[in-house]
Amino acid sequence: MAVDSGLSSPLGPPSCEKDAKALQFIEEMTRNPDLVQEKVLAEILSRNGETEYLRRFKIAGATDRDTFKSKVPVVTYEDLQPDIQRIANGDRSPILSSHPISEFLTSSGTSAGERKLMPTIHEDWDRRQKLYSLLMPVMNLNVPGLDKGKGLYFLFVKSETKTPSGLVARPVLTGYYRSEHFKNRPYDPYNVYTSPDQAILCVDSFQSMYAQMLCGLLMHKEVLRVGAVFASGLLRAIRFFQVHWQELAHDISTGIPNPKITDPSVRECLAGILKPNQELADLITQECSGGNWEGIITRIWPNTKYLDVIVTGAMAQYIPTLDYFSNGLPLACTMYASSECYFGLNLKPMSKPSDVSYTIMPNMGYFEFLPQDPSAPPLSPDSPPRLVDLADVEVGKEYELVITTYSGLCRYRVGDILQVTGFHNSAPQFRFIRRKNVLLSIDSDKTDEAELQKAVENASLLLREFNTSVVEYTSFADTKTIPGHYVIYWELLVKDASNSPTDTVLKQCCLAMEESMNSVYRQGRVADNSIGPLEIRVVKSGTFEELMDYAISRGASINQYKVPRCVNFTPIMELLDSRVVSTNFSPAAPRWAPDRRRTD
């Protein structure tokens, strides 16, 4: 029910006084974003001006944009890594930030195969919490009555490590769920989860998922929205339900938690919630025993109004599967964030995935944009890029996001490519286009062409004793399986047919490729179970010649044709699959351990 308030918003009638204030804040921030940006940069430079990093560029206490842009370079993680490593190793001097670095947030991006370490300070959690506080007021404009039920969200903590200095290094969401902001959050009738905190914070992924699914089933009539952070995470939850529904139904029938739930806090929590309910157990058995999973979300949770998951960028590949399991429920993408910085929110969260645009909130950091011009010469120290301010971007153009944060990142290239779609008031809105240079992605993993090439090279070493080599290869991310997995097509040159590689050797090639992947991929395989075993499909000799012929028949230049290292065009994949002579899966999980042992 909308409130009659002097704080009514151009976005729509707020549901309550708290929502009205949040919507008013959005309006204030977006009316004159350039002025907000000017103040944010001045504040960052005034507080961090005496850091070692900024002193190198002799800005001499200046806080204006012109001086900052003329003296401070645009950088990548590799440029900052020596300074970040010093902090990780225990240097407490003000290197990047005048405020102490409280922990590192591990990015899903990697450098030399290891997760990137993003410095953060305590007050950054206040800024992140501020953005979170804006999401439900916007959603309430679009979906009424969310205070009358609960959200079934599958939320998980991941492993955390410590740097040599003792600073914690963990993913941003793990940091948030373990923060006082989350654990001591005030009650909000519009944002109640079915999952108890004990289940969310359980480090055992099976017990956490089982407990969250069980609680979601017990409250199945109260659930108004179902979600996870990424689309892939929600599909993993559905797959878990497909595998374990009988155990879950048994628990509900008997009122006794599964003996596999051994975490004391989770077991105690479930014991207080779980009571025998034969009617619900029978419903689950009836809906699941026939093997028909179409629309299972709406059949088990009949009052669900939408799915709250990220389905932009690489996650768009999961939309058809989500539609299948949900009978086409709306897909809501609510916010845009990364380990480096939280950026903004979607003011039209119920729009189609292809129409999702995010409004960047100018108070979150200082934002610049590197125009994407394929014809421009490559960047170099002699030809520094000309960056555009937030207020000066143009509709229809694509840019790479560059950020300056309170925690000490200055003119840092995030690697996200965005396209301007319009404005809310004077604040630009952006569509997420892609991650720069990312070739394959199933979950939070990001594998680029160089990493894939290195993996193929390492695996092909196993073929030498058979006098065999990889002639050509390409790949795709197969998301029809849950979890999804990488598929690599190999065309081999076998010089001695009597000594060709065996299936066992080709399976070892799969494992060798996985061993060569970055730590985020390997964690997904080993700890998170978010990625399935890598598959190599060997194709007939001459297949990649046919692939080139097909491309040329569609207008490609024979002089400029290059084998695509990743494919997703259906006719090309059909051509490749029709030429497959053997399929091989990795026989084991690759090595992965959470410890960070690097000290140099």
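## Cavities

Four cavities of 30 Å³ or more are counted in this predicted model. Rolling a probe the size of a water molecule over the atoms shows where empty space is left.

The largest cavity has a volume of about 80 Å³. Its lining is made up of D124, R127, R128, E340, C341, Y342, M364, T405 and Y406. By class, the lining of the largest cavity holds four nonpolar residues, four charged and one polar.

Around it are S232, L235, R236, Y318, I442, T479, T481, I482, P483, G484 and S530. In the lining of the second largest cavity, five residues are nonpolar, five are polar and one is charged.

In soluble globular proteins, nonpolar side chains tend to be buried together. The largest nonpolar core in this model has 160 residues, and F241, F369, W490 and M513 touch the most other members. Helix α11, residues 231-254, supplies the largest share of this core, 11 residues.

M513 shows what such contacts look like along the chain. Leaving out residues up to four places away in sequence, M513 touches L452, A455, V456, A459, I488, W490, L534 and I536. Another core, of 11 residues, lies apart from the largest one; F476, F544, L547 and L576 are among its members.

## Cysteines

How many disulfides does a search of the whole structure find? The search finds zero. A disulfide is a covalent bond between the sulfur atoms of two cysteines, and the cut-off used here is a pair of cysteine sulfur atoms within 2.5 Å.

C269 is in no disulfide, and the nearest cysteine sulfur, that of C215, is 5.8 Å away. Is C269 buried or exposed? C269 counts as buried because its relative accessibility is 13%, and the limit for buried is under 20%.

C566 has a relative accessible area of 26%, so it is partly exposed.

Key
Residues numbered from 1 in each chain as written. Predicted model: local features only at pLDDT ≥ 70, side-chain atom pairs only at ≥ 80, totals over all residues. Heavy atoms only, no water. Buried < 20%, exposed > 50% of the residue type's maximum accessible area, 1.4 Å probe, protein only. 1 Å grid on protein atoms, 1.4 Å probe; cavity = no way out; pocket = protein on both sides within 12 Å on 5 of 7 lines; lining within 4 Å. Points joined across faces, edges and corners; volume = space filled by probe spheres on them. Nonpolar A, V, L, I, M, F, W, Y, C, P; charged D, E, K, R; others polar. Core = buried A, V, L, I, M, F, W, Y, C linked by side-chain atoms within 4.5 Å. Helix = DSSP H or I, 4+ residues; strand = E, 2+ residues; numbered from the N terminus. Contact = heavy atoms within 4.5 Å.
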